[in-house]
Amino acid sequence: MRGRLLGPLLAGLGSLALGARLGAQAAPPPSSAAAELEAVAALVEKGQLEPAERRLRSVAERFRSVRALLQLSRLQSDRGDHPGALASLDEARAIAPNSEDVLAAHAEAQLATGSLLPAISTLEALTRLAPTGARYHHLRGVALLRAGDPAAAAESLLEAQRLEPDQPETLAALGTALVRGERYAEARTHLLRAASLSPDSVEALASLAEAEQGLGEGEAALDHARRALAREDGHPTANLVVGMLLIEQERYPEARDALEKAAAGDPASAKAEYQLSLVYARLQDEARSRRHRERYQAALEQAEQRVKEVRDWTGFSTGGMQR
Amino acid sequence: MAGLLLGVLPARGLAAPEAPDPAAALEQVIAAAEGRLHEGDLPAAEGLYRRVLFEGWRTLTTLERLDGRLAEAKEALGNASVFSIDTPPALRSLAAAHLEMGEAGRAAEVLEELARKEPRDLETRRQLAKALSADGRVEAAVRQLDEASAPPPDDPEQAYLLGTDYLWLGKHEAAERLFARVIEARPLPQTRVLVGRTWRDAGAYGRARAELGAALREDPAVRRAHYYLGMTILADPDAGPRRLESAIAEFRAELELAPEDALANDQLGRCLLDAGRPAEALPVFEAAVRAEPRARHLYGVGRAQLALDRPAEAVASLRRALERAGEQSASPDLLQKVHYQLGLALRKTGANEEATTHLAEARRHAASSASPGDPSRADDTSPLAALSRGQRDELGRRLRASLARACFNLGVLQAQGKDGGTVERFTRAAAFFERAAGIDPEFPQLQASLGVALFNAGRFADAVPPLGRAVAASPGDAGLRRMLALSWLNTEEWSKAVPLLEADPDRATNPSLQLAHGLALVRSGRAAEAERLLAGLLAGPGESAALHVLLGEAYARQGEHAAAVASVERALRLDPAVAEAHATLALVYEEQGRLGEAEQALRAELRARPAHVPSLRRLGTLLLARGEAAEAAERLEAAARLAPDDHRVREQLGRAYQQLGRPEQARQEFEASRRLEVQP
């Protein structure tokens with residue numbers, strides 16, 4: 001019975017639910033800052049973005065308005081001025097270092113500009129400030145994954161998944177992080193769920209294929225990899241899986257082609273380079289095999305260096321967060 | 001540097017720190033936050049309110065600690081940590097609070113994280129070294145200082161501070177190098193006095209004497225050199241048999257330069273008393289009192305008077321000392337001494353009863369000041385320590401008022417903000433309102449807001465108490481009454497919902513409320529009334545499948561099985577997917593003993609609604625009665641996952657485990673069931 005009547009009644013109760021007034025807040029006259037922001041909204045509505053930006057900058061300077069800075073950063077970002085947007089958000093953060101909106105906008109701008117380590121810090125602050133916000137844990141996990149630390153990423157993504165269990169994006173990212181950490185069986189569970197919730201997710205299918213390949217389930221892996229490639233034929237993970245499975249079947253030229261695509265799609269992939277060194281060795285092309293072995297070594301060192309940089313920054317250790 | 005010298009030299013132990021008013025600072029931040037609200041600048045307002053929470057709880061940590069309420073201090077510190085701000089000054093302040101509370105390891109963690117991100121921040125490094133040292137990791141502390149002082153800082157103030165840090169770690173050579181840079185940068189006799197005093201503080205008496213002597217050679221009239229030489233002689237265990245005489249000479253020399261200096265007079269008086277010269281000591285203490293009527297100087301006057309066998313005057317002086325001690329929030333050590341001397345003086349005047357009281361007080365303070373590892377005495381340099389107990393109580397009250405207000409407004413912002421209205425946002429809002437209620441449950445609108453937030457977060461059982469209080473305060477608020485009624489329905493307290501729904505002004509026109517009313521009547525054992533109500537509703541234009549199901553249940557509960565089945569069948573014709581139709585049929589079959597059909601009906605209900613807990617429970621119970629414990633356990637486990645607080649589910653699950661020969665799991669379920677059953 002629990003909750004059966006709630007839906008229809010909540011609509012009628014909405015005004016009460018949102019009716020609490022801020023403590024001792026008198027009904028104020030609209031301030032000049034608020035009036036100016038309304039005028040800015042009208043300019044944006046008319047598509048007059050340059051004067052809108054000028055006016056926002058002026059409001060921000062005169063009133064130290066965080067809202068104006070947030071709006072300004074959005075306009076800057078929309079016209080591709082990401083450094084400008086970041087500068088506006090830096091200013092906003094200096095005024096309100098613990099505003100959720102500011103931190104969230106800052107994190108997104110940092111992610112958009114590829115400033116992964118600062119983004120991770122900002123997202124860490126957000127997860128402390130709003131620990132039940134699954135999205136912040138998700139974004140932090142994705143940022144850590146992009147920065148090259150799948151173990152730390154998995155922790156964040158597990159927390160996001162605990163808070164919102166059925167988000168396909170989170171499940172796919174979590175599965176990918178676990179695959180990178182060679183935790184294939186755990187990864188498969190999450191990836192199967194992601195694929196069932198979002199059958200079109202190429203990421204989920206490709207990572208699922210990689211997990212199955214890791215578990216020695218070649219047939220299922222090939223099936224999922226091919227389904228991923230049917231949606232995106234250059235997908236590096238799916239091509240990698242296909243390449244590795246074709247090596248097992250000793251179909252070296254086809255394997256080579258798939259692995260070349262994998263390496264082209266993800267130039268930082270040590271795994272693709274290693275497999276290419278193997279396939280060229282089987283094809284008796286020693287020079288290419290050696291070249292890919294060298295690239296593999298370089299990619300491996302770069303990956304280790306990236307993990308070190310991330311961990312120097314975050315203090316993460318595989319024994320847990322150093323906090 | 002001149003600022004450092006002028007600021008530090010006369011401050012230590014000489015003058016009471018200016019009484020701080022952190023509450024006023026927070027009130028200003030609240031005013032600023034509300035100004036931002038008026039401008040519609042919600043992100044800025046949120047940031048300011050959160051700042052109030054961090055700074056307010058940070059200050060409360062110190063206040064509670066100073067008053068010896070360590071559990072409350074820990075709780076305040078926990079709250080400050082939750083709302084810590086991601087800026088170096090705020091994180092350093094948080095770490096300082098952990099250090100004050102004796103949590104050096106936690107302080108080090110906070111600072112290590114900050115130092116990773118701000119490696120050139122000298123202040124962070126210094127504080128980290130202090131925390132590491134307090135945590136017993138001296139080598140790591142020295143490493144921090146070595147990294148911070150390589151290359152040595154150009155700023156002499158920074159060099160001085162780093163030098164003092166090395167001193168506390170016992171690294172005298174490193175300190176000496178840095179102090180030499182300070183003296184080179186500021187070649188003044190005052191600089192040497194500062195360095196000399198620092199050596200004295202660290203117990204390096206030879207170096208202290210050398211530096212203070214050098215200061216006097218540069219300027220024989222430099223202030224404080226003689227004073228600190230006297231203090232060095234007193235502290236030095238190797239000062240020899242003429243220790244007191246030498247110190248007296250130094251203090252007298254200092255008083256030649258500044259005859260009204262209260263502290264020099266006080267120290268001279270103490271030496272004279274220790275040397276058995278109370279007649280000389282008395283006018284010296286009196287001079288200290290004239291300069292500054294502090295408790296410790298009055299205590300000296302009383303001691304000298306008592307030594308001169310003038311007990312009545314001593315009693316008067318020591319009473320004044322106690323008065324001043326109360327105003328100045330004196331240390332337990334001084335209080336113990338004043339009470340002890342007052343007890344002795346009173347005994348000499350024949351007031352034995354009062355004397356006994358003061359001597360007992362002296363013993364109590366002695367015990368309090370001797371508590372080892374008591375963080376309440378860890379930082380008497382906090383400016384808040386200078387406040388009287390009454391001032392601290394008032395400050396605490398104002399801080400809590402600001403905290404309650406900030407929590408409340410943050411709760412409202414969560415519920416009404418950009419992404420407001422989601423369960424997650426209401427959960428967050430409820431958490432802020434709960435914090436506000438923990439501080440000031442009477443805060444205006446708080447109980448109603450807390451109830452509404454909990455209700456919207458789906459925490460119906462938790463919503464009942466605040467909604468009940470809100471309804472009691474505003475009995476005419478129909479919205480609150482309705483929400484309370486729905487909370488009772490959702491917690492299956494059917495009979496409590498009935499009067500609230502009956503009084504709802506919209507009941508006659510709102511079909512959902514009519515259904516709710518009918519449900520409450522049926523489930524609270526008033527099936528006949530429910531039947532009349534529902535039949536009346538069905539006669540009108542509002543016929544619905546749900547009404548027919550409920551009417552079927554009303555018939556079933558009165559034993560009118562045929563009518564019940566007919567009503568449910570009508571419901572299914574209107575809407576084959578209507579909720580609880582099959583469950584209601586199962587109820588009829590159970591009452592008729594047609595258990596096989598009841599089972600099939602429950603399975604049909606679960607096919608449409610796999611998460612319907614009552615059907616899972618009833619099916620589990622039926623299967624159990626038939627000895628099919630494995631499937632019963634499966635169904636009941638599913639029910640327990642969905643409703644872990646339902647004691648009937650846990651009880652049946654325990655029985656299932658018992659049948660399956662899993663006694664430990666059975667015992668756990670029975671215990672959980674009993675625990676849940678007695679919970680309000």
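**Figure 1. Arg635(B) is partly exposed in a predicted model.** Arg635(B) has a relative accessible area of 23%, so it counts as partly exposed (buried means under 20% relative accessible area, exposed over 50%, partly exposed in between, with a 1.4 Å probe and protein chains only). The model is predicted: local features need pLDDT of at least 70, side-chain atom pairs count only at pLDDT 80 or more, and totals for chains, interfaces and linings use all residues; side-chain values use heavy atoms, with hydrogens and water left out. Residues are numbered from 1 along each chain as its sequence is written, and chains are lettered from A and ligands numbered from 1 in the order in which they are written. Arg635(B) sits in helix H34 (residues 629-642) of chain B. Helices (H or I, at least four residues) and strands (E, at least two) are DSSP runs, numbered from the N terminus. Neighbours within four places in sequence aside, Arg635(B) is in contact with Arg603(B), Leu606(B), Leu616(B), Leu619(B), Gly620(B) and Leu623(B). Contact means heavy atoms within 4.5 Å. Leu619(B) is 16 residues from Arg635(B) along the chain, and their C-alpha atoms are separated by 7.3 Å.

**Figure 2. Glu553(B) is buried in helix H29 of chain B.** Helix H29(B) covers residues 545-557 and holds Glu553(B). The relative accessibility of Glu553(B) is 3%, so this residue counts as buried. Apart from neighbours within four places in sequence, Glu553(B) is in contact with Val522(B), Arg523(B), Thr584(B) and Leu587(B).

**Figure 3. H29(B) packs against helix H30 of chain B.** Two packed helices are described by the angle between their axes and the distance between the axes. For H29(B) and H30(B) (residues 561-574), the angle is about 165° and the axes are 8 Å apart. H29(B) is therefore roughly antiparallel to H30(B). Axes are lines fitted to C-alpha atoms, for helices over the stretch in contact, and angles run from 0 to 180 degrees between N-to-C directions. Angles under 35 degrees count as roughly parallel, over 145 as roughly antiparallel, 65 to 115 as roughly perpendicular and the rest as oblique. The crossing of H29(B) past H30(B) is left-handed (the near helix is turned anticlockwise from the far one by less than a right angle; clockwise would be right-handed). On the H29(B) side, the contact residues are Ala545(B), His548(B), Val549(B), Leu551(B), Gly552(B), Tyr555(B) and Ala556(B). On the H30(B) side, they include His561(B), Ser567(B), Arg570(B) and Leu574(B). By class, the contact of H29(B) with H30(B) has 10 nonpolar, four polar and one charged. Ala, Val, Leu, Ile, Met, Phe, Trp, Tyr, Cys and Pro count as nonpolar, Asp, Glu, Lys and Arg as charged, and the others, Gly among them, as polar.

**Figure 4. Helix H27 of chain B also packs against H29(B).** H27(B) spans residues 511-523; its axis and that of H29(B) come within 10 Å and cross at roughly 15°. The two helices, H27(B) and H29(B), are therefore roughly parallel to each other. H27(B) passes H29(B) in a left-handed crossing. H27(B) contributes Leu515(B), Gly518(B), Leu519(B), Val522(B) and Arg523(B). These meet Ala546(B), Leu547(B), Leu550(B), Glu553(B), Ala554(B) and Arg557(B) in H29(B). The contact of H27(B) with H29(B) divides into seven nonpolar, one polar and three charged residues.

**Figure 5. Ala437(B) is buried in helix H22 of chain B.** Helix H22(B) runs over residues 423-439 and includes Ala437(B). Ala437(B) has 17% relative accessibility, so it counts as buried. Leaving out neighbours within four places in sequence, Ala437(B) is in contact with Leu446(B) and Leu450(B). Leu595(B) is 158 residues away along the chain, with 50 Å between its C-alpha atom and that of Ala437(B).

Figure 6. Phi of Arg64(A) is near 50°, in a residue other than glycine. Arg64(A) lies in the loop between helix H3 (49-63) and helix H4 (66-78) of chain A. Its relative accessible area is 47%, so Arg64(A) is partly exposed. For Glu492(B), phi is near 60°, again in a residue other than glycine. Glu492(B) is in the loop between helix H25 (478-490) and helix H26 (494-502) of chain B. Glu492(B) is partly exposed, with a relative accessible area of 28%.

**Figure 7. Confidence in chain B and in the model.** Chain B has a mean pLDDT of 90, and 94% of its residues reach 70 or more. Residues 1-18 of chain B have pLDDT below 50, and beyond near neighbours in sequence this stretch has 37 contacts in the model. pLDDT is the predictor's confidence in each residue, from 0 to 100. Where pLDDT is low, the predicted coordinates should not be read in detail. The model scores ipTM 0.79 and pTM 0.76.
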